Amino acid sequence: MKPHRIVIAIILCILLAMPVCASAGTWKPAKPIKLIVPWGAGGSTDQVTRVCAGELEGPLGQKIVVVNQPGASGSIGTKNTLDAPKDGYTWTSGAAKDLGTYQILGMIDTNIRDWHLFLNISLPQVVAVRTDSPYKSFGDLLDVFKRNPGKIKVSSAGINSAGHSGIETIKKYTGISYKHITYDGGNPAVIAVVAGEADVVTQLSSEETDMLKAGKLRALAVLDDNPLNIKGYGTVPPVTKWIPEFKGAPIYFGIFIPKGVPEEMVQTLGKAWDNVIMKSDRLKEYAAGRGAVFAPSWGDEAQKRAFPKIQEDAWLKWDSGKAKIQPDKAGIPKP
Amino acid sequence: MKPENMPKADFVVSILLMIFGVWIVIHSLQMPRFQELEANPFSVPGIVPGVLGTIIFILSLTVFIRSLKQGGYRLGINRHTLQDFLRDTSTQRMLLTTAICIVYGLVMIGHMNYYLATFVFVWCFLLLFQYRFSENVIVNKQKLLITSLVQAALTATVVGAVFRYLFLVDLP
Amino acid sequence: MVDGFIMFTKALSGFLLENPLIILYVLGATQLGIIVGMLPGLTATMGVALMTTLTFKMAPDTAVLILVCMYVGAIYGGSRSAILLNIPGTPANAATAVDGYPLARQGLAGKAIGIATTGSFLGSVIGLLMLAFFTPLIGNFALKFKSFEFFWLAIFGIVICGNLTAPKDPLKGWIAGFLGLLVAMIGMEPYHAYQRFSFGYMDLSGGIHLIPAMVGAFGFAEIITVMKQPRMEVVKGKIDRIIPRSKNIIKYWRSIIRSGLVGTFIGAIPGVGEDIAAWTSYDLAKNSSKEAKQFGKGSIEGLLVAETGNNSAVAGAMIPVLSLAIPGSAPAAVLLAAMFIHGVRPGPLIMIEFPEFVYQVVAMVLLATTAMFVLGLSMVRPLVKVLSIPREKLMPVVFVLCVIGSYAIQARLFDVGVMVVFGFIGYYMREMDYPIAPMVLGIILGTILDKNLIRSLIISEGNPLYFFDSPISIIIASVTIITFFSRTRWFQAIKNNIAKTIRTKIFRVNKPAG
């Protein structure tokens, strides 16, 4: 069963019990806000979203109930948000590049421009293997991939997830092929490598941090042009050391609200983003501990930041034959 | 159902199940394969339901063969047995129960006030069964009317209030 | 281990001394849990989710304590409606009804409740000992479960449950189980997000939810069955003794310890919950019992092990929550989310970073278990009176509860419809001698089977040898296959032949000596 349905019931009850007190200009939520995490509990979206929700409750003066609705590469929870009444009380969260590519994958008919984006952090993908694995460096791994095409098992949180796009980008530059195995979320995908069911994981740094620190995983490379420092583990070399022409755009995470909600709601949340999230010590501390980059933004700025990764990812999917709609027909020009 | 009737029942049910299994398999085969996406052939949506449909078919085929051996195909349904079936008190009680429950669960709930719907349902249920099928002679019709009324009112308020205020359920 | 014990005592005394109000919280939350468990439709998952919202503002340790009490209470509470009405309150109690309800029909409802309570208590205690001393070990055991093992476990669950609930004709039990698995196929599929069997209906694309289906198939079907009979004897509830005699319990110590251990381990396997734990320990007990014939007709041992199994799984389910940040069962998933909300970060580092939290959880389970035992044995007498209410008066109330219970989960009228439809399916299945429990278990295991079979096939590229690649796979697979074929005639014939040869050989060997 899904506990979030009860939350809806609770929210509806409280709505009935409380008088709606809305004043012009600033938006004062009259009932708890439902924030959907379209991935499993404990994954990277889940963690950062919960931190943000905790920070926003004070300034908004209302409870934010975080609800996990995992399944079908995040599309189930996102679709539920889109189908909910546009009153500003149902938000979703996740990676902006997922939101921007559901349309071309034929999963949900929604465009990134149909959403208000409130970004909080950006995360790079980290290529990691089990500690007792014979692959000591990313170079070793590439050799093995080339020697055994289609045999090495790569785990991810599903088609279109961060891990999947990570390995697809590597594929684009090196021409390797692999065996893709999907799990319910980033955390289960990481566990699968620890347990030995898959060989390599390319999920986000935050999802691998715990296992890296516990000594069960070895990080081989970060998919970025700068090395990544993870507090309590060490420095992960950049992938450009082996593939110099590699160009990766960071994956932005955030909270998303479909357009059509009251304008004062968007402005109020924007103000809270400026005043609280951009100064949040908890979020900064979280980012530092999880190998993430603290990078809040909203409005047009957020659209501008998130777009390059969407372009890259959308065309990657089109070129590899995984997309159903050509990206420029969905308003995503070739990078 | 008496045990000696079982081969006949098995015969009918196993035929229905076999048709169901075949239908599932056909439906699974018609599901998209996502070949244009270069999807892994083992990840297509129809594979698991197809396997399950096949298993259902094989298992019900076994039941079918067994019922044939036991002579289950001699159904022996005629007007007489049907009449007996319909006149049977059990059948009447079952039909009444399901009818009244369906009216409450599918028609009344959601279309009228929850407390009122529940009250009417419990009261009708109590009266119908105690009046129509009572095992004892009814001593006092008035007393029955009133106790049922009280029980119906109590059920409606207590259940409604507990779910509304303790479990925070928004009543239909 | 000494460190552990010190930390445990500290945590326990911390709870009791710092805040005397805590006892009230514990009793209140456990009692509420028992009520939630008793009512058909309200499940442990829902109870824990509800309490998460209500305890949002409390201190982290108090909040998690209340949630644990809710969880333990709800899994136990479901045994009561299973015994008294033959309607399991939560899916975990379906095995409890198999022996509990016959006992109640024999007028031994009070005794049955006492046995169930004791079983639950002992199960919890075994589970919490394991939680206290073997969390890292069992955490690693949970890691051994990969796609192939999960696949076999799902099939195993269906096969043993079908075998147990339809002892005369297991074929029908298995058909029911596979039908349940098919029901779980309805809705959006996890790999490509394709909507299977939804025929364009929005409501169906979300899938059939377990709870309304279960409430209908057990609850509504039971109402029709009971109301149908032209006359029904009212059970005279004579209660001699609720607290079971200790010699009656000690007699079964082997079964209890076995069920407790099995329950903890199964609870620890991610995604597989209390329900499979109960069925497996029931199966093991039946196979090794001297009183196997009594099982299903009101066996004390059967009732005892079913409850020991499901309640030890509660503690078991917390092990991967703590050591891997992966929930062992659905309510444990909500518990994990609640820990995140309160800023506690369980995971592989917990034994290094916050070992005291593990022992705090052990102390919480102990408090919850004690409260459950005390509350469970009190108030039994008025409860047993339920049995002496004439069915005309009882059944409309039960149906009202079924309706609101299935509605409560998602506040969707569609679910009331699902409940009614599954009521009919359940009723006709029963009439045709098909058991309902395997179907409900099938609905639970359907998604597990789907995801893991697909994953297994991708990994193995369809090579069947991979399905027997690890010791755990081989064990589960061979038990499943033996259970399956042991009911066929030729298997029996071979078995008898072997037994015969052995006997004759021994007979010949023994002849000269005798």
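Predicted model: local features only at pLDDT ≥ 70, side-chain atom pairs only at ≥ 80, totals over all residues.

Student: Which elements of chain C have the lowest and the highest mean pLDDT?

Tutor: The lowest mean is 66, for helix H23 (residues 489-513) of chain C, while helix H8 (residues 170-185) of chain C has the highest, at 91.

Student: And what are the ipTM and pTM?

Tutor: The model comes with an ipTM of 0.89 and a pTM of 0.77.

Student: OK, packing next. How many residues are in the largest nonpolar core?

Tutor: That core counts 320 residues. Leu67(C), Tyr71(C), Val362(C) and Val365(C) have the most contacts inside it. Helix H4 (residues 60-85) of chain C is the element that gives the most to this core, with 17 residues.

Student: What is Leu67(C) in contact with, leaving aside neighbours within four places in sequence?

Tutor: Its partners are Val48(C), Met51(C), Thr52(C), Thr55(C), Leu335(C) and Ala338(C).

Student: Staying in chain C, how far does helix H2 reach from its first C-alpha to its last?

Tutor: H2 of chain C (residues 22-38, so 17 residues by DSSP) reaches 24 Å, close to the 24 Å expected at 1.5 Å a residue.

Student: Which residues of H2(C) are buried?

Tutor: Here they are: Tyr25(C), Val26(C), Ala29(C), Thr30(C), Leu32(C), Gly33(C), Ile34(C), Val36(C), Gly37(C) and Met38(C).

Student: Let's switch to chain B. How many helices and strands are there?

Tutor: Chain B has six helices and zero strands, and its pattern along the sequence reads α-α-α-α-α-α. Buried residues make up 31% of its 172 residues. As for contacts in chain B between residues at least 6 apart in sequence, 71% of them join residues at least 24 apart.

Student: How many residues of chain B are in contact with chain C?

Tutor: 53 residues of chain B are in contact with 49 residues of chain C. On the chain B side, helix H1 (6-30), helix H2 (47-69), helix H4 (89-108), helix H5 (114-132) and helix H6 (141-166) each supply at least two residues. By class, that side of chain B has 36 nonpolar, 14 polar and three charged residues.

Student: And chain A, what domains is it divided into?

Tutor: Domain 1 of chain A takes in 3-20 + 29-123 + 250-330, and domain 2 of chain A covers 126-241. Their C-alpha centres lie 25 Å apart. The contact between them takes 22 residues from domain 1 of chain A and 23 residues from domain 2 of chain A.

Student: Which helices supply the domain 1 side?

Tutor: Helix H2 (44-60), helix H4 (96-101), helix H10 (281-289) and helix H11 (299-319) of chain A each supply at least two residues there. That side of domain 1 of chain A has nine nonpolar, ten polar and three charged residues.

Student: Last one, Val37(A). Why does it count as buried?

Tutor: Val37(A) counts as buried because it has 29 C-beta neighbours inside 10 Å, and the cut-off for buried is 20 or more. Val37(A) is found in strand E1 (residues 33-37) of chain A.

Student: What does Val37(A) touch, not counting residues up to four places away in sequence?

Tutor: Val37(A) touches Thr45(A), Asp46(A), Thr49(A), Val66(A), Val67(A), Asn68(A), Gly77(A) and Ser93(A).

Student: And how far apart in space are Val37(A) and Ser137(A)?

Tutor: Val37(A) and Ser137(A) are 34 Å apart, C-alpha to C-alpha, and 100 residues apart in sequence.

Conventions:
Residues numbered from 1 in each chain as written. Chains lettered and ligands numbered in written order. Helix = DSSP H or I, 4+ residues; strand = E, 2+ residues; numbered from the N terminus. Expected span 1.5 Å × (residues − 1). Buried ≥ 20, exposed ≤ 12 C-beta atoms within 10 Å, placed from the backbone. Domains from an automatic or database assignment. Contact = placed C-beta atoms within 7 Å. Nonpolar A, V, L, I, M, F, W, Y, C, P; charged D, E, K, R; others polar. Core = buried A, V, L, I, M, F, W, Y, C linked by C-beta atoms within 7 Å. pLDDT = per-residue confidence, 0-100.
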